[in-house]
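Please read it alongside the sequence and coordinates.

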Amino acid sequence: MTKKQRAEIVMTELEKLYPEIEIPLDHTDVFTLLVAVALSAQTTDKKVNEITPHLFAIADTPEKMSKLEVPEIKELIKQIGLSNQKAKNLKKMSEILVQKYNGKVPASFEELEELPGVGHKTASVVMSQGFGHPAFPVDTHIHRLMKQWKLSDGKNVIQTEQDAKKLFPKEKWNKLHIQIILYGREYSPARGSQEKDFLTPMLFHS
């Protein structure tokens, strides 16, 4: 079976499992999505969704966030990892959005990746889920499963993203990357039993 054939099976089966998807991080607009994604680094989406309602009740715009002091932001997000650095990043990012972009989140990879605390993966999530621009953000689930399914050599997330974009149709990227994440969480967790994982044996059935 070729990589392309395995990729087709992956798309078909995931569409059966998750015909309708919801973005895992709770948000109300592009700014709150950007904040939530930036906070999710080395932290679960579940934990981010627990703390953002209170954070956004106080600061759901760049203007409001920029007016908070770093210790105030840290206090609001202290339950998640790297809260000190993330608080500094949110403060500076919001100030830049206000000063340079009139309080709007820029809709380009280059401009997003220049913001404090925003790497390529975060920018990709915002571009795909916030602006509908085709992108394939690679998280740990996608990186692991692409290697497990032998759709990528798994050397690094950059290579995994490139391989995914070659194998899957561009119009499928925005939905498919979420479907793979959902499958990883439900059927093939990184830790613990993977007995529910039916896709891997299906892809390599002789």
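The chain is assigned two domains: domain 1 (3–21 + 136–203) and domain 2 (30–131), with bounds that come from an automatic or database domain assignment. This is a predicted model, in which local features need pLDDT of at least 70 and side-chain atom pairs count only at pLDDT 80 or more, while totals for chains, interfaces and linings use all residues. Residues are numbered from 1 along each chain as its sequence is written, and side-chain values use heavy atoms, with hydrogens and water left out.

**Domain interface**

- The C-alpha centres of domain 1 and domain 2 are 27 Å apart.
- Contact (heavy atoms within 4.5 Å) involves eight residues of domain 1 and seven residues of domain 2.
- About 580 Å² is buried between domain 1 and domain 2, with 52% of it on carbon and sulfur atoms; buried area is the accessible area (1.4 Å probe) that two parts lose on being put together, summed over both.
- One salt bridge is counted between domain 1 and domain 2, where a salt bridge is a side-chain nitrogen of Lys or Arg within 4 Å of a carboxyl oxygen of Asp or Glu.
- Asp45 and Arg185 form a salt bridge, and their closest N and O atoms are 2.5 Å apart.
- Four residue pairs, both residues at pLDDT 80 or more, are in polar contact between domain 1 and domain 2. A polar contact is a pair of N or O atoms within 3.5 Å; within protein, one must be able to donate a hydrogen and the other to accept it, and residues adjacent in sequence count only if both atoms are side-chain atoms.
- Helix α11 (residues 173–187) supplies four residues, the largest share of the side of domain 1 that touches domain 2.

**Fold and dimensions**

- The chain has twelve helices and zero strands; these are DSSP runs numbered from the N terminus (helices: H or I, at least four residues; strands: E, at least two).
- Along the principal axes, the C-alpha atoms fill a box of roughly 60 × 35 × 30 Å.

**Salt bridges**

- The structure holds nine salt bridges.
- Glu13 and Lys16 are separated by about one helical turn because they are three residues apart in helix α1 (residues 3–17).
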